[in-house]
Amino acid sequence: MEHYDIAVIGAGIAGASAAWAMAERHRVVVLERESHPGYHSSGRSAALFSETYGNAVVRGLSVASRDFLIAPPSGFTEHALLAPRGVMLIGTHGEEPLLARAAAEGAALVPSVHAIDAAEVLRRVPALRRDWVVGGVAEPDAMDIDTHAMLTGFLRALRARGGAVRTDCEVRGLAHDGGRWRIALGDGEIAADVVVAAGGAWCDTLGAMAGAAPIGLVPKRRTAFLVDPPAGADSAVWPAVIAIDESFYFKPDAGKLLCSPADETPSPPCDAQPEELDIAIAADRIQQAAEIPIARVARSWAGLRSFVADKTPVAGYDPRLPGFFWLAGQGGYGFQTTPAMAFAASALVDRRDLPAMLTDRGVSVAALSPARFA
Ligand SMILES: Cc1cc2nc3c(=O)[nH]c(=O)nc-3n(C[C@H](O)[C@H](O)[C@H](O)COP(=O)(O)OP(=O)(O)OC[C@H]3O[C@@H](n4cnc5c(N)ncnc54)[C@H](O)[C@@H]3O)c2cc1C
């Protein structure tokens with residue numbers, strides 16, 4: 001039977017990046033059910049990098065990821081992984097305190113974050129409605145992520161380290177024989193000392209297959225769609241615009257506007273599809289705030305953002321099952337936290353200390369550990 005040191009289940013951004021990091025020291029295989037990597041959440045994101053987004057651990061992971069994303073190893077990609085975009089939080093009447101708090105908290109984390117008045121908000125995105133906007137918060141160093149270049153970069157670099165990637169390869173059974181994992185696939189069985197559950201929305205399904213207690217992962221559907229920007233608008237230079245109450249966002253995307261109602265509808269793990277109602281809700285909210293005609297939707301999609309209760313990603317060995325490693329709960333931050341999570345997972349799989357670039361930013365073994373659900 002073929003035998004690997006580590007079998008990573010899932011070729012989304014979490015599995016691909018962790019497999020790459022682990023392949024520096026180990027013989028690694030990635031097993032992916034779909035016919036191409038990134039088919040699920042990793043192919044459906046809004047591709048934004050914001051260091052003020054998420055809880056303190058997530059922010060620490062994002063800040064720790066920036067250096068790699070700006071200057072990946074040579075040969076990793078032909079395209080820059082990050083491109084300037086900026087984020088602008090906006091609020092309407094009654095939301096002034098929310099804006100003030102976001103400006104203060106954001107600036108404490110990222111010094112370039114600052115409050116802007118309504119006139120400046122409108123100067124940056126003239127399509128916003130004068131009678132709706134009361135002010136905003138600018139995060140000028142937020143970036144667009146080339147998610148495709150990132151995923152293919154990790155997979156290419158993994159192969160260069162001798163790692164293998166198998167697509168059309170569903171994991172159907174996991175059994176520990178006392179020494180190693182036997183992994184049942186559609187066309188046979190392989191063995192590995194360690195199994196890494198990086199199956200996105202399916203991580204608890206993989207845990208159940210192995211006999212682990214659930215970590216309480218909840219996949220939540222998020223909808224996105226593309227529309228034309230208003231005629232004559234120079235929308236390519238707009239920042240990503242996010243309502244301070246997170247009721248919608250829109251951002252330029254290759255000549256169109258990517259719009260979302262920022263929905264978080266709990267869902268079983270599945271091939272998520274957009275609902276007409278969610279698109280209509282987003283269109284209504286966006287048109288209340290901006291003069292953006294949403295007559296025709298060019299393309300729509302939905303994906304699952306999977307969270308555990310504290311909304312912090314999970315990386316570490318199961319407290320009860322030998323050699324079963326969780327890499328789950330990347331939520332809405334899976335790309336922007338990626339290099340840091342890959343380095344963390346690689347250290348933890350070898351039971352090494354977390355790198356200083358993580359601990360210096362407040363990321364601890366305990367915060368990521370699946371033992372917190374025991
Ligand atoms: C609309 C939307 C907007 C988003 N915006 C952003 C953003 O702006 N910035 C950001 O950083 N993040 C964003 N995210 C979140 C980000 O996309 C996710 O956190 C990330 O893609 C999760 O990656 P993953 O590898 O864990 O999951 P996935 O990409 O879903 O990969 C898991 C893989 O595991 C495979 N798998 C599962 N079970 C098995 C099995 N039994 N056998 C073999 N393979 C299996 C699946 O087929 C799948 O390919 C967004 C997500 C959505 C949906």
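Is Arg 351 buried or exposed in this structure? Arg 351 is exposed, because its relative accessible area is 64%, where exposed means over 50%, buried under 20% and partly exposed in between (1.4 Å probe, protein chains only). The model is a predicted one, in which local features need pLDDT of at least 70 and side-chain atom pairs count only at pLDDT 80 or more, while totals for chains, interfaces and linings use all residues. Residues are numbered from 1 along each chain as its sequence is written, and side-chain values use heavy atoms, with hydrogens and water left out.

The protein chain is assigned domain 1 (3-75 + 146-216 + 309-373) and domain 2 (87-140 + 218-307), with bounds that come from an automatic or database domain assignment. Taken over C-alpha atoms, the centres of domain 1 and domain 2 are 29 Å apart. To the contact between them, domain 1 contributes 24 residues and domain 2 contributes 27 residues; contact here means heavy atoms within 4.5 Å.

The ligand lies between the two domains, because both domain 1 and domain 2 give residues to the shell around it. There are 36 residues around the ligand, and those that come nearest are Glu 32, Ser 42, Leu 48, Gly 331 and Gln 336; a residue counts as near if one of its heavy atoms lies within 4 Å of the molecule or strand concerned. By class, the shell holds 15 nonpolar, 14 polar and 7 charged residues. In this scheme Ala, Val, Leu, Ile, Met, Phe, Trp, Tyr, Cys and Pro are nonpolar, Asp, Glu, Lys and Arg are charged, and the others, Gly among them, are polar.

A backbone N or O atom of Ala 14 is 3.0 Å from a ligand oxygen atom. A polar backbone atom of Val 171 lies 2.9 Å from a nitrogen atom of the ligand, and a polar backbone atom of Phe 335 lies 2.9 Å from an oxygen atom of the ligand. On its own, the ligand has 1,000 Å² of accessible area, of which the protein covers 97%; these areas come from the Shrake-Rupley method with a 1.4 Å probe, and for residues only the protein chains shown count as cover. Helix 1 (13-22) and strand 18 (299-307) are the elements that give two or more residues to the shell, and strand 18 gives the most, with 3 residues. Helices (H or I, at least four residues) and strands (E, at least two) are DSSP runs, numbered from the N terminus.

Helix 1 is largely enclosed by the rest of the structure, because 10 of its 10 residues are buried. Among them are Ile 13, Ala 14, Trp 20 and Met 22.

Other sites complete the picture. His 40, in the loop between strand 2 (28-31) and strand 3 (48-49), is buried, with a relative accessible area of 15%. Leaving aside neighbours within four places in sequence, His 40 is in contact with Arg 33, Glu 34, Trp 202, Cys 270 and Asp 271. Leu 89 belongs to strand 5 (residues 87-92). Leu 89 and Ala 138 are 49 residues apart in sequence, yet 6.5 Å apart in space, C-alpha to C-alpha.

Lys 311, in the loop between strand 18 and strand 19 (314-317), has a positive phi of about 60° although it is not a glycine. Lys 311 counts as partly exposed, at 30% relative accessibility. Arg 351, in the loop between helix 8 (338-349) and helix 9 (356-359), has a positive phi of about 55° and is likewise not a glycine.

Terms used
A polar contact is a pair of N or O atoms within 3.5 Å; within protein, one must be able to donate a hydrogen and the other to accept it, and residues adjacent in sequence count only if both atoms are side-chain atoms.
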